[in-house]
Amino acid sequence: MLPSFVDCPAGNEKGSFIALDLGGTNFRVLLVSLDDTGLAKIEKSRKFVIPISVTTGEGEALFNFIAASIRDFLFDQALASHYKSLGFTFSFPVTQSSVNSGRLLTWTKGFTATGVVGCDVVQLLTEALHRYHLDNIHITALVNDTVGTLLAKSYEIANCDVGVIFGTGTNGCYRERVSSISAVPTSSAIDGHMIVNTEWGNFNCLPMNKFDRVLDEMSKNPGKQQMEKMISGMYLGQLVRQVIIDQIHDTGLFSGEFSIFTAADLQTHDISNFQSDTSADLVIIKAWLDNLGITHSSVKERADIRQICQYVSERAAKISAAAISAVVLRMDPQLECHHTIAVDGTLYAKYPDFKQTIIKTLQALHGVASRRFSLTQSTDGSGVGAAIAAAVASQP
Ligand code: BGC
């Protein structure tokens with residue numbers, strides 16, 4: 001549970017801001033304008049693909065890559081001399097003592113860049129900006145992507161009080177009374193409310209089955225982010241792979257032969273395609289198997305694969321609903337108010353039935369009171385939210 005040192009915007013913030021969105025292998029730089037009526041507009045944006053050698057290399061190279069991307073974006077758009085205030089969405093667990101500083105607690109989602117854990121990422125980026133002669137840019141806000149997502153939606157909808165990501169990773173944040181946050185010193189001048197980043201992906205108390213345990217042991221961060229490993233896009237394909245391997249050995253699926261089946265052969269976007277395959281012969285699954293050299297699969301075997309995908313993704317959506325429910329009950333135990341939950345992430349946006357299963361599970365958990373929950377997609381929330389955080393932080 002990490003305090004963010006930022007609260008939801010009033011909706012009247014105004015101006016143009018540079019936003020950075022770093023959370024996976026794609027990194028985005030955006031120019032966002034805010035009018036004062038709750039409308040945020042992405043004026044320009046550019047996506048950069050960060051090579052894996054950079055996300056797993058030296059920290060200095062990672063921050064140089066980010067600074068070089070900002071420089072390229074500003075020069076391309078002829079903005080270099082204009083913009084000074086920058087909001088930084090950094091989608092990893094960071095412990096903050098102000099809105100414009102934060103130390104990385106640990107990397108997640110396969111990042112391992114050295115020399116960053118324990119350091120202030122705002123300072124590391126400021127130093128890299130200096131190396132690239134971008135001293136006129138000041139990082140005025142650092143936010144988690146869940147916080148960005150909540151800020152972006154609450155700029156337009158006042159009762160939005162939860163931000164959630166179901167993407168490569170998963171996490172949720174919510175609005176809390178500052179007086180209830182023990183991690184914020186009582187001497188702090190901050191009053192009222194503050195957004196809290198729960199880092200629910202690192203909730204490590206759920207029962208694990210044998211597939212979860214194998215996946216965890218094989219991961220870059222064993223023992224950590226165990227709920228994330230049951231829910232998010234980085235892992236669902238690998239969980240399905242573990243179950244298929246088990247079925248090959250135990251029940252003789254594909255006559256026990258499937259030796260060239262590596263992790264790269266089954267990603268979450270593959271299982272998403274399998275689940276949307278409604279053809280009688282399950283042709284998408286057949287094409288994938290054919291490609292791996294399994295040309296004699298039966299329709300029944302292909303249906304089994306589809307069923308495995310369904311079990312794994314349904315469990316993920318049910319746990320996701322339980323997480324949303326727990327956070328809302330923390331704010332409002334009797335469900336007396338309406339809560340808008342801003343959600344971003346490809347899994348939520350694209351995975352077949354993911355959203356519907358969350359809604360059905362909330363109904364199963366809360367009956368008619370589930371009407372108190374409104375899930376709303378916050379596309380680009382993490383990028384836009386960085387600009388809103390910069391706007392909120394720049395207010396007198
Ligand atoms: C990180 C969170 C982030 C989430 C979604 C997790 O791996 O720990 O900080 O919000 O991914 O991107």
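Contact, a word used throughout this note, means heavy atoms within 4.5 Å. This is a predicted model, in which local features need pLDDT of at least 70 and side-chain atom pairs count only at pLDDT 80 or more, while totals for chains, interfaces and linings use all residues. Residues are numbered from 1 along each chain as its sequence is written, and side-chain values use heavy atoms, with hydrogens and water left out.

1. Let's start with the overall build. The chain holds 13 helices and 13 strands; these are DSSP runs numbered from the N terminus, with helices (H or I) of at least four residues and strands (E) of at least two. Its radius of gyration is 22 Å, close to the 21 Å that the globule rule gives for 396 residues, so the chain is as compact as a globular protein of that length. That radius is taken over C-alpha atoms, and the rule is 2.2 Å times the number of residues to the power 0.38. The C-alpha trace spans about 70 × 50 × 35 Å along its principal axes.

2. Of the 396 residues, 55% are buried (buried is under 20% relative accessible area, exposed is over 50%, and partly exposed is in between, with a 1.4 Å probe and protein chains only). Among contacts with a separation of 6 or more, 67% are between residues 24 or more positions apart.

3. In H3 (residues 121-131), Val121, Val122, Leu124, Leu125, Ala128 and Leu129 are buried. Seen down the helix axis, these buried residues fall within an arc of 160 degrees, so they line one face of H3; the arc is that of the directions from the helix axis to the C-beta atoms. They pack against strand S2 (15-22), helix H2 (59-76), strand S5 (85-90), strand S7 (101-104) and strand S8 (138-143).

4. Now zoom in on Leu125, which lies in helix H3. Leu125 counts as buried, at 0% relative accessibility. Leaving aside neighbours within four places in sequence, Leu125 is in contact with Leu20, Phe63, Ile66, Ala67, Phe88 and Ile139.

5. Two backbone angles deserve a look. Most residues other than glycine have a negative phi. His133, in the loop between H3 and S8, has a positive phi near 55 degrees. Glu199, in the loop between strand S11 (193-197) and helix H5 (210-218), also has a positive phi, about 50 degrees.

6. Ser232 sits in the loop between helix H6 (226-231) and helix H7 (236-251). Ser232 counts as buried, at 0% relative accessibility. Setting aside neighbours within four places in sequence, Ser232 is in contact with Gly167, Thr168, Gly169, Thr170 and Leu347. Ser232 and Ser45 are 187 residues apart in sequence and 26 Å apart in space, C-alpha to C-alpha.

7. Finally, find Thr376 in strand S13 (residues 373-377). Thr376 counts as buried at 18% relative accessibility. Which residues does Thr376 touch, not counting those up to four places away in sequence? They are Lys153, Thr340, Ile341, Ala342 and Val343.
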